[in-house]
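This briefing covers aromatic contacts, the nonpolar core and model confidence. Please have the sequence and the structure open while reading.

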Amino acid sequence: MSPQQIGLPWPELNDGLTYKDVVSSSDSGHPPTTAIQLTTVSDFYYTKYKGSAPLLGWIQRIQNGQIQVDGEVEKDPNTLLRSGSKLVYHRLPWKEPDTPHLLDILYQDHDLIALNKPSGLQVLPGGLFQQRTVLTQLQWCFGESHPVPVHRLGRGTSGILLCAKTKLAKTKLSAYFAEGTSLVGSGNMGQECGTVRKISKIYRTLASGIVEEDEVVIKQPIGVARYPGVAKGLYVASSEGKPSFSKVIVLERDRQRDCTLVKVEIQSGRPHQIRIHLAFIGHPLVGDPLYVAGGQPKSVDPDLVDATTTPFAQDGGYRRPNQAVPGDCGYHLHAHEVEIPNLLDTHKVVKVVAPLPPILQTSYLAEEEEEKGLSSFKLS
């Protein structure tokens with residue numbers, strides 16, 4: 001029996017976005033009671049949201065009529081603001097990149113729903129993807145009391161995404177995910193990955209090159225570095241980063257294609273951890289457009305792109321940078337298995353399995369048949 005699906009087609013344009021601000025005394029250095037005029041509309045937005053658009057871009061947005069001051073459209077970028085002024089910026093609707101919209105339901109009970117997320121679908125709003133996300137589909141398909149994701153998968157990563165249907169479930173599941181990461185940080189973990197944690201996450205991926213060792217444990221810390229086009233910085237292998245733990249087990253070596261099929265169990269949950277860790281040991285994921293050997297991006301010089309001179313888009317915002325960004329797809333990484341305690345009876349375990357994409361299956365016929373026969377979940 002095929003799994004139940006949810007998902008509605010995306011409209012051509014999203015609804016745009018609305019951002020609200022109140023001019024405070026800290027924006028000018030004057031006390032709140034002052035009657036002194038403070039700063040211009042264009043300077044306010046450019047100063048507060050430099051990462052969104054250059055000064056000329058904000059002037060363009062103002063002249064487009066996208067800014068309201070105290071309920072009135074303001075098209076003069078040189079209009080002066082006072083403390084307490086209420087501002088609203090309307091980002092124009094845009095066509096988001098093509099994105100899958102269907103999600104398989106792998107498991108569901110009173111507290112939890114496990115989805116099979118396709119590669120190319122973002123989990124939460126961010127960047128160009130404000131509507132075409134898993135969260136939007138949950139809102140559309142379940143209404144106001146919709147489930148919420150309790151962890152993230154990269155846009156290019158497929159497989160199991162756990163979502164909480166109740167506040168209690170969200171609290172418990174979030175704690176399970178955080179616990180594994182905190183155990184790595186404290187060093188209080190067993191010799192084998194997963195011996196002291198409540199949640200087990202197993203991924204499959206295709207790594208470039210031949211991993212000669214049958215099993216590799218990677219403890220490289222992961223930190224943040226400046227990177228053009230990523231306002232909050234890019235996650236990379238860094239000696240000054242946070243502790244991280246991955247265990248890599250070789251399933252099959254393909255010397256003809258110079259790649260290795262591996263499964264990876266992660267104890268911590270750092271962003272892009274598997275991509276970074278495998279790249280760190282010299283085996284970046286096949287097709288990864290961003291990370292190269294050493295766990296660094298292909299371009300690490302933050303001065304290669306000057307944000308103040310980058311051409312901007314129709315509504316005044318920066319265009320997408322030319323170099324790769326974390327959300328770009330092309331690699332093969334699949335969240336294959338998750339085991340968690342049953343939230344109603346912690347003496348029982350819920351095991352969820354997401355069917356493997358063909359490229360991540362082994363060539364062993366017995367295992368292929370086993371994969372095809374696996375049910376979506378198991379309760380023991």
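The points below are grouped by topic. The model is predicted, with a mean pLDDT of 85 over the chain. Eight aromatic pairs are present in the structure, and its largest nonpolar core has 47 residues.

**Aromatic pairs and cluster**

- One of the pairs joins Y49 and W58: the ring centres are 6.2 Å apart and the planes meet at 40°. Planes under 30 degrees apart would count as stacked and planes over 60 as edge-to-face, so the pair of Y49 and W58 is tilted.
- Y49 has a relative accessible area of 26% and is partly exposed, whereas W58 is buried at 1% relative accessibility.
- W58 also pairs with Y89, here edge-to-face, with 5.0 Å from centre to centre and 70° between the planes.
- This second pair connects distant parts of the chain. W58 belongs to helix α2 (residues 55-63) and Y89 to strand β5 (residues 86-91), and the two are 31 residues apart.
- Y89 is buried, at 3% relative accessibility.
- Y49, W58 and Y89 belong to one aromatic cluster together with Y19, F44 and Y45.

**Arginines over rings**

- R61 sits over the face of W58, 4.5 Å from the ring centre.
- R91 sits over the face of W94, 3.8 Å from the ring centre.

**Nonpolar core**

- Nonpolar side chains tend to be buried together in soluble globular proteins.
- Within the largest nonpolar core, the residues with the most contacts are L115, I160, L162, L173 and I340.
- Strand β9 (residues 158-164) supplies the largest share of this core, namely five residues.
- Apart from neighbours within four places in sequence, L115 is in contact with residues including I6, V134 and L138. Contacts of L115 also include L103, D104, I105 and L106, as well as G159, I160, L161 and C163.

**Confidence**

- A pLDDT of 70 or more is reached by 81% of the residues in the chain.
- Residues 32-37 have a pLDDT below 50, and this stretch makes eight contacts in the model beyond near neighbours in sequence.
- Residues 190-195 also have a pLDDT below 50, with 10 contacts in the model beyond near neighbours in sequence.

Key: Residues numbered from 1 in each chain as written. Predicted model: local features only at pLDDT ≥ 70, side-chain atom pairs only at ≥ 80, totals over all residues. Heavy atoms only, no water. Phe/Tyr/Trp six-rings, centres within 6.5 Å; stacked < 30°, edge-to-face > 60°. Buried < 20%, exposed > 50% of the residue type's maximum accessible area, 1.4 Å probe, protein only. Helix = DSSP H or I, 4+ residues; strand = E, 2+ residues; numbered from the N terminus. Lys NZ or Arg CZ within 6 Å of the ring centre and 35° of its normal. Core = buried A, V, L, I, M, F, W, Y, C linked by side-chain atoms within 4.5 Å. Contact = heavy atoms within 4.5 Å. pLDDT = per-residue confidence, 0-100.
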